[in-house]
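This text walks through the nonpolar core and then the aromatic residues. Please keep the sequence and the 3D view open while reading.

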Amino acid sequence: MFQQTRPRSSVQSAFAIGELIYHATVRKVRSTHNNAFLAIAVNMLQAVVLVAAFYVMFTILGLRGAKLRGDFLLYVMSGIFLYITHVKSVGAVSGSETSASPMMQHAPMNTIISIAAGALSTLYIQALSLLTILFVYHVVFKPFEIDQPVLAFSMFLLAWFTGCAVGLVLLAIKPWFPTFVSVFTQVYQRANMIASGKMFVANALPPTMLMLFDWNPLFHCIDQARGFVFINYFPRNSNIEYPMIAAIVLIMLGLMGEFYTRQHVSSSWGARR
């Protein structure tokens, strides 16, 4: 409050914002548990449990014949990891502090730092979980080979980016319709259990079924990722351009909506509900 502000250069401002984002990201990562290692371990356990559940389900239902020619568990992981990253980023960004939250009373803090911290904390935890689980599977259980690992990881990043875009739009309208956003976020995350297409191969879908899934950017990310993971799979019913364009459009709409909301939101809105 009594600190004197000094004019800064563009480089100094960039370093100051980067430092704030770093500390806010660390705070976000450690918010789930006091111990940072346990916070990451809990997320890894969630991914392992989900992969194991789908592996058992495919085995019991006899759906392993519908997989790609290659490592079956890698086929399951290629869908599970992108799905978890997408829905976690939606929840993290949409749950960021708004301009009316108490954290914004601190002078250096602003909504952009809060949004960036939520997005980067999710990316850090999910990327670390992905690399660790794949390393353990490769070393301990069964060696595997990914055809184009860099491009496959880029689809992982695209799934995270589209999740952040959806979460930013929800964050912009959250102060206006908090109940709707809360319900819609849960419905969206649950619906993507099926709509993401992680349980089947997109090339095997008939045109009537394909129309039910190709609206979803995550569906395209998962199908394209499997094209980069497996050397003998060539995705014909998905593309990279659609999720990129959809994410950019949603980011722009979310930023405009967040700017407009920031000019009108008030702490008294929550008191009257």
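The largest nonpolar core has 53 residues, and those that touch the most other members are Val 76, Met 77, Ile 80, Phe 81, Leu 82 and Leu 134. At least two residues of this core come from each of α2 (36–61), α3 (72–94), α4 (111–141), α5, α8 (217–229) and α9 (241–264). The greatest contribution is that of α3, with 13 residues. The model under discussion is a predicted one. In soluble globular proteins, nonpolar side chains tend to be buried together.

Leaving aside residues up to four places away in sequence, Phe 81 touches Ala 47, Leu 130, Ile 133, Leu 134 and Phe 156. Among these partners, Leu 134 is also one of the core residues that touch the most other members. Phe 156 is buried because its relative accessible area is 1%, under the 20% limit.

In one of them, the rings of Phe 153 and Phe 156 have centres 5.3 Å apart and planes at 25 degrees, so the pair counts as stacked, the limit for stacking being under 30 degrees. Both residues belong to helix α5 (residues 149–173), where they are 3 residues apart, about one turn of the helix. Phe 153 has a relative accessibility of 32% and therefore counts as partly exposed, whereas Phe 156 is buried.

Another stacked pair is formed by Phe 180 and Phe 184, at 5.8 Å centre to centre and with 25 degrees between the planes. These two residues lie in helix α6 (residues 178–195); because they are 4 residues apart there, about one helical turn separates them. Phe 180 is partly exposed, with a relative accessible area of 46%. Phe 184 counts as partly exposed too, at 34% relative accessibility. Apart from these pairs, an aromatic cluster can be picked out: Tyr 137, Phe 141 and Phe 144 form one.

The cysteines remain. How many disulfides does a search of the whole structure find? The search gives 0 disulfides. Cys 164 has 8% relative accessibility and so counts as buried. For Cys 221 the relative accessibility is 0%, so Cys 221 counts as buried as well.

Note on methods
Residues numbered from 1 in each chain as written. Predicted model: local features only at pLDDT ≥ 70, side-chain atom pairs only at ≥ 80, totals over all residues. Heavy atoms only, no water. Phe/Tyr/Trp six-rings, centres within 6.5 Å; stacked < 30°, edge-to-face > 60°. Buried < 20%, exposed > 50% of the residue type's maximum accessible area, 1.4 Å probe, protein only. Core = buried A, V, L, I, M, F, W, Y, C linked by side-chain atoms within 4.5 Å. Contact = heavy atoms within 4.5 Å. Disulfide = S-S within 2.5 Å.
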